[in-house]
Amino acid sequence: MRYLAILVLLVVAAAAATFARYESFSPCMWLEHDMARESDLPQLAIQAQIKASFLLDGVTDPTTTECLNKWWNFRLNGLPET
């Protein structure tokens, strides 16, 4: 029972930290937030860049999983070279 309580506390702490940092539980918003922090582009340009990236992959309406994959790739590789 003690391990369950510890696990629940860890999950709640992780969720609170995620919401405090990104103000959302959506990986698409996480991607947008992190890209905006890494670049000097306006928010509209960041959104267009993300949408174009998904369109190039053939995705018109990204799912949570697809956004999470893009976010992880961004976190690992950073902004693409232009």
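Reply: What follows is a look at helix α2 and its packing against two other helices. The model is predicted.

Start with the pair α2 and α4. Helix α2 covers residues 27-38, and helix α4 covers residues 64-77. Their axes come within 8 Å. They cross at roughly 25°. Angles under 35 degrees count as roughly parallel, so α2 is roughly parallel to α4. The crossing of these two helices is left-handed.

Which residues of α2 and α4 make the contact? From α2 come P27, C28, W30, L31, D34, M35 and E38. From α4 come T64, C67, L68, K70, W71, F74 and R75. By class, the contact of α2 with α4 holds nine nonpolar residues, four charged and one polar.

Now the second partner. Helix α3 spans residues 43-56. The axes of α2 and α3 lie 10 Å apart, and the packing angle is about 125°. That angle makes α2 oblique to α3. Here the crossing is right-handed.

On the α2 side, L31, E32, M35 and A36 take part. They meet Q43, I46, Q47, Q49 and I50 of α3. The residues of this contact divide into five nonpolar, three polar and one charged.

Note on methods:
Residues numbered from 1 in each chain as written. Predicted model: local features only at pLDDT ≥ 70, side-chain atom pairs only at ≥ 80, totals over all residues. Heavy atoms only, no water. Axes fitted to C-alpha atoms, helices over the stretch in contact; angles between N-to-C directions. Helix = DSSP H or I, 4+ residues; strand = E, 2+ residues; numbered from the N terminus. Parallel < 35°, antiparallel > 145°, perpendicular 65-115°, else oblique. Left-handed = near helix turned anticlockwise from the far one by under 90°. Contact = heavy atoms within 4.5 Å. Nonpolar A, V, L, I, M, F, W, Y, C, P; charged D, E, K, R; others polar.
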